[in-house]
Amino acid sequence: MSRRVLLILPICAGVAACGPNIEAETIANRVVMLTNAEDEPITIQKIVANDRPGRAECVDTPGAQLGPGRTYTKTFFYCDELTEVDVETDRGSVTIDLN
């Protein structure tokens, strides 16, 4: 079982809106754990694995609200080995490279 932890910090230009700060961890290349690294709650609206929005097994629409430091876990068992996830939240979107 392999575990990787990535801290994603969005880069902002001037006053432009930034995506959320989310920590991502993979387990066995099929499970992604997303942790809210913000000081405020966020709501995960949609997760797309491996840039495959047309495959139902690669999309999750949880509507899960995460307080600061809270984690959401999703298994993408039939979506091949996870290489990236696109995460849409109520505070913006972020793409996380899991390689």
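## A tour of selected side chains

Begin with cysteine 58 and cysteine 79: they form a disulfide, with 1.9 Å between their sulfur atoms. The pair links distant parts of the chain, 21 residues apart. Cysteine 58 sits in the loop between β4 (42–49) and β5 (59–60). Cysteine 79 sits in the loop between β7 (71–75) and β8 (84–89). Keep in mind that this is a predicted model.

Stay on the bridge and look along the S-S bond. The angle about it is 110 degrees, and the link is right-handed. Are the two cysteines buried or exposed? Cysteine 58 has a relative accessible area of 0%, so it is buried. Cysteine 79 is buried too, at 0% relative accessibility.

Next, select phenylalanine 77 and tyrosine 78. The count of aromatic pairs comes to one. Here it is: the ring centres of phenylalanine 77 and tyrosine 78 lie 5.0 Å apart. How are the planes of these rings set? They stand at 90 degrees; over 60 counts as edge-to-face, so the pair is edge-to-face. Phenylalanine 77 and tyrosine 78 are both exposed.

The charged end of lysine 74 sits over the ring of phenylalanine 76. The distance to the ring centre is 5.7 Å.

Move to threonine 89, in strand β8. This threonine is buried, with a relative accessible area of 6%. Show the polar atoms of its side chain. Which backbone atoms lie by them? The backbone nitrogen of arginine 91 is 3.0 Å from a polar atom of the threonine 89 side chain. The backbone oxygen of glycine 92 is 2.8 Å from a polar atom of that side chain. Then widen the selection. Leaving aside residues up to four places away in sequence, threonine 89 touches Pro20, Ile22, Ile42, Thr43, Ile44 and Gln45.

Finish with two asparagines, and check the backbone. Asparagine 29 is in the loop between β2 (22–27) and β3 (31–36). Its phi is positive, about 55 degrees, although asparagine 29 is not a glycine. With 17% relative accessible area, asparagine 29 is buried.

Then select asparagine 50, in the loop between β4 and β5. What is the phi of asparagine 50? It is positive, at about 55 degrees, although this residue is not a glycine. Asparagine 50 counts as buried, at 11% relative accessibility.

Key: Residues are numbered from 1 along each chain as its sequence is written. This is a predicted model: local features need pLDDT of at least 70, side-chain atom pairs count only at pLDDT 80 or more; totals for chains, interfaces and linings use all residues. Side-chain values use heavy atoms; hydrogens and water are left out. A disulfide is a pair of cysteine sulfur atoms within 2.5 Å. Helices (H or I, at least four residues) and strands (E, at least two) are DSSP runs, numbered from the N terminus. Buried means under 20% relative accessible area, exposed over 50%, partly exposed in between (1.4 Å probe, protein chains only). Rings of Phe, Tyr and Trp (its six-membered ring) pair if their centres lie within 6.5 Å; planes under 30 degrees apart count as stacked, over 60 as edge-to-face and the rest as tilted. A charge sits over a ring if NZ of Lys or CZ of Arg is within 6 Å of the ring centre and within 35 degrees of the ring normal. A polar contact is a pair of N or O atoms within 3.5 Å; within protein, one must be able to donate a hydrogen and the other to accept it, and residues adjacent in sequence count only if both atoms are side-chain atoms. Contact means heavy atoms within 4.5 Å.
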